[in-house]
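Work through the exercises below with the sequence and the coordinates open beside you, and try each task before reading its solution.

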Amino acid sequence: MRGAVIRQRLKPWMLPIAMLGGVVFHQWIGYLAFLTPYLIFVMLFVTFCRINPGEFRITRLSLYLLAIQLFGSLLVFLAIRPLSIDVAQGAFICVFCPTATAAPVVTGMLGGSVPRLVTYSLVSNVAVAVTAPFVLSHTGAADIGMLESIRAISWHVAPMILLPLVIALTVRRVAPGLHREVGSRQSVSFYIWAVSLFIVVGKSVSFIMAEPSGRIPEIVALAVSAGVVCGLQFFAGRRIGALCGDRIAGAQGLGQKNTILAIWLALTYLNPIASVGPAAYIAWQNTINAVQLYRHERKAVKCRNQNASGGQT
């Protein structure tokens, strides 16, 4: 019982602890980096085990969020380009990249619709795989072969998104008891996500530390623009979600990004310095998530206390 209480109190602070740990121990993160795709895979498998296939539906929410992701990213790029092409690329990729693989986890923890978010996550990633060759050829610094780009992006997206889903659905059919048991252990995915965050933050810090001091003003501009874009996406997603009946799914779907894929896209097809944008986005989005989880946990504790006191009277 005491261990459960400690975990409950520690949970809202896990994300800041993971981020701080990544900063402090960034020099040694390279030894753990290979674990990231496996951690994401297990985390998504646990999350997908709570999904009913009949709940997958493309709704207005998915279409509205997708429109902002694709067209909004181009508007951001065109607006900032006259000031700095590198900052424009960094801000662009923070909007264009798909929903984070961990977004369904956070959505479920905050009480949002996991099926809605999973649906949009799949739509979002497929849309990036299809449109990236065309979009990046106009915003990037290098020529991109269409088939090569689609194959490369799909290779990064499919194993982390689609395969855990397929396995979860297969387990649901052949071993429903195991499926229910895994689905009831959603807290496991949270702690796996915290470890993944620790590794990714450490890798990002190591990359930024390797940049020459002369690029500090540009790095700061990229980090600030990523913060502005992050806040606007969470705000816009919440407003759109409110119109469609789920503010949490809307906010997480649009605001929480697959920054690992975004950094790879920036390093591969944009000016490499633009990858500082999604690297900084990691800190911004997880700060917002940490605040949301903390407030949600406090409300939950308050409700439990009120119910307990009500039951005693």
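This is a predicted model: local features need pLDDT of at least 70, side-chain atom pairs count only at pLDDT 80 or more; totals for chains, interfaces and linings use all residues.

**Exercise 1.** Determine which secondary structure elements the protein holds and what share of its residues is buried.

*Solution.* Begin with the elements: the secondary structure comes to 14 helices and zero strands. Next, take the burial of the residues, where 48% of the 313 residues count as buried. Finally, consider the contacts with a separation of 6 or more, of which 83% are between residues 24 or more positions apart.

**Exercise 2.** Compare the end-to-end distance of helix α7 with that of a straight helix, and find where α7 bends.

*Solution.* Helix α7 covers residues 114-139, and at 1.5 Å a residue a straight helix of these 26 residues would reach 38 Å. The end C-alpha atoms of α7 are, however, only 33 Å apart. Looking along the helix, one finds a bend of about 55 degrees at Thr 131, with Pro 133 following within four residues. At the start of α7, a side-chain oxygen of Ser 113 comes to within 3.3 Å of the backbone nitrogen of Arg 116.

**Exercise 3.** Decide whether Gln 285 is buried or exposed, and list its contacts beyond its sequence neighbours.

*Solution.* First locate Gln 285, which is found in helix α14, residues 276-312. Its relative accessible area is 4%, and because buried means under 20%, Gln 285 is buried. Lastly, setting aside neighbours within four places in sequence, Gln 285 is in contact with Cys 230, Phe 234, Gly 255, Gln 256, Lys 257 and Thr 259.

Technical notes: Residues are numbered from 1 along each chain as its sequence is written. Side-chain values use heavy atoms; hydrogens and water are left out. Helices (H or I, at least four residues) and strands (E, at least two) are DSSP runs, numbered from the N terminus. The expected span of a helix is 1.5 Å times one less than its number of residues. The bend at a residue is the angle between axes fitted to the seven residues ending there and the seven starting there. A polar contact is a pair of N or O atoms within 3.5 Å; within protein, one must be able to donate a hydrogen and the other to accept it, and residues adjacent in sequence count only if both atoms are side-chain atoms. Buried means under 20% relative accessible area, exposed over 50%, partly exposed in between (1.4 Å probe, protein chains only). Contact means heavy atoms within 4.5 Å.
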